[in-house]
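I opened this notebook to record what I looked up in the structure. The entries follow the order in which I consulted it.

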There are 2 protein chains.
Amino acid sequence: MRMAELSAGSGVPVATVKYYLREGLLPPGERTSPNQARYSADHVQRLRLIKALTEVGGLPLASVGAVLAAIDGDATPHETMGVVQQELAGAPPEVSDEAAEWASVLLHDLALRHGWKWHPKENRAVGNLIAALATAKELGHEKLAERLDEYFALALRVAELDVEVVMGLTSFDKIIEAGLVATVLGDRIFTGLRHLAQEQVSRDVLGRPPGS
Amino acid sequence: MRMAELSAGSGVPVATVKYYLREGLLPPGERTSPNQARYSADHVQRLRLIKALTEVGGLPLASVGAVLAAIDGDATPHETMGVVQQELAGAPPEVSDEAAEWASVLLHDLALRHGWKWHPKENRAVGNLIAALATAKELGHEKLAERLDEYFALALRVAELDVEVVMGLTSFDKIIEAGLVATVLGDRIFTGLRHLAQEQVSRDVLGRPPGS
DNA sequence: CCAGAATGGATAGTCAAGCTCTCCGTTATG
DNA sequence: CATAACGGAGAGCTTGACTATCCATTCTGG
């Protein structure tokens, strides 16, 4: 297919497709002559994926590029998902050293209780987690962390479900993309469900507004 | 305290504090003369909150402004948390009508099974949820939605925990801010825990990289 | 075959968000 | 009373993500 069709099929404007090609987010089409190219259904899917990652996942294009490079590369699924998580996490904001230390200890305890390990240097998910906990403490809401074990137990159940969903797929080479989609969209979906549930649960506790 | 101290105490540069004052994110200080003002510890806390919402929560300043206006207003806690959720959700991206319809039906079924109701028009959390599910379908990963009930059950447990944590606070007028912090930071914390757990669970399933 | 539309490629322009810088006249302070 | 800080307003800057304009090919329908 040609540019116009690629654009129509993906819902991405021609100018933007060209921009993604320039940025290397979209692989070049197959050349049919020195200055003409042909695109495939894979290109359409790739564009849809880019749209999902930016619009739904809220990822910056640079992160999308890193993620796409990872899934195109020859790393193991585990390594690839590591890249996905790094990019999804983004750069952790700065927090005060004492709050960060407090959060680190909390997490370290948690890890000990569950016999888990990670490499703090190379794991931005941990960095973000520490930053979020530390920020809560700095705001005077360190009580949030008291139930960390319970939150963690539930997160573990969610993660087991995530892995089950991804592994229950037919095509093996689709597993990496499925993992990516499950992670990025899964975060949004679960957060949405949580908010919905919060609304319903808090309706009983906080009471409905007088006017309704 | 004066500007310099406010800036130092919150970690926000003077120029940025002035900018927030201009934008109405930070209430003006108490006047001591026609062109001098004095700030309080509340201003420091407010700045810290703004920082948390933008840096950790990833909210645009406009949303932060809406949220702060809501918690400063005289709405009920339930209404205020509604505003928080609307702003947190952001504008849902566009999806195809058929995918949106499919997702709507899924959610509607879910709601029926649990006897829940909501007002679709005024609930962006629902809009985002639908968009995320619809996007998964458009990408050919509609299997993600097969376990929606299980995800939902876990989200419900998380939400119950959220409400418990917020209600277990001493000061009543801090409950709204605590709800805000619990929602914004809570999302990040839970997502971080989920990623951590995914890493550990998938390590067993996908196998460790050959080199380690 | 050929006029007009589409294409690939490069460069420049646009727009919003979120600051940051510079002045300036006033006010506080050692 | 010299000098540092302040408040207020405006302009400027940076980044990210496009969008628009050209132009020299290339395709395509009549």
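Entry 1: I count a residue as near a molecule or strand if its C-beta atom, placed from the backbone, lies within 6 Å of it. The model is predicted: local features need pLDDT of at least 70, side-chain atom pairs count only at pLDDT 80 or more, and totals for chains, interfaces and linings use all residues. Residues are numbered from 1 along each chain as its sequence is written, and chains are lettered from A and ligands numbered from 1 in the order in which they are written.

I looked up DNA strand C and found 22 residues around it, the closest being A:Met3, A:Ala4, A:Ala37, B:Pro60 and B:Leu61. I took helices (H or I, at least four residues) and strands (E, at least two) as DSSP runs, numbered from the N terminus. At least two residues each of the surface near DNA strand C come from α1 (3–10) and β2 (36–38) of chain A and from α2 (14–23), β1 (30–33) and α4 (61–72) of chain B. I noted that α2(B) gives the most, with 3 residues.

I then sorted residues by class: Ala, Val, Leu, Ile, Met, Phe, Trp, Tyr, Cys and Pro count as nonpolar, Asp, Glu, Lys and Arg as charged, and the others, Gly among them, as polar. The surface near DNA strand C has 11 nonpolar, 9 polar and 2 charged residues.

The classes near DNA strand D are 11 nonpolar, 9 polar and 2 charged.

I next looked up the relation between the copies. Chain B is superposed on chain A by a rotation of 180° with 0.0 Å of shift along its axis (RMSD 0.1 Å), by least squares on the C-alpha atoms of residues with pLDDT of at least 70 in both. The two copies are thus related as by a two-fold rotation axis. In chain B, the C-alpha of B:Leu154 is nearest the axis, 3.3 Å from it. Both copies use the same surface, and 99% of the contact residues of chain B recur in chain A.

**Entry 2: a helix pair in chain A.** I looked up α5 (residues 77–89) and α7 (residues 124–138) of chain A, which pack at an angle of about 30° with axes 8 Å apart. Axes are lines fitted to C-alpha atoms, for helices over the stretch in contact, and angles run from 0 to 180 degrees between N-to-C directions. α5(A) and α7(A) are therefore roughly parallel to each other (an angle under 35 degrees). A:Gln85, A:Gln86 and A:Ala89 of α5(A) make the contact with A:Arg124, A:Ala125 and A:Asn128 of α7(A).

Terms used
Contact = placed C-beta atoms within 7 Å. Parallel < 35°, antiparallel > 145°, perpendicular 65-115°, else oblique.
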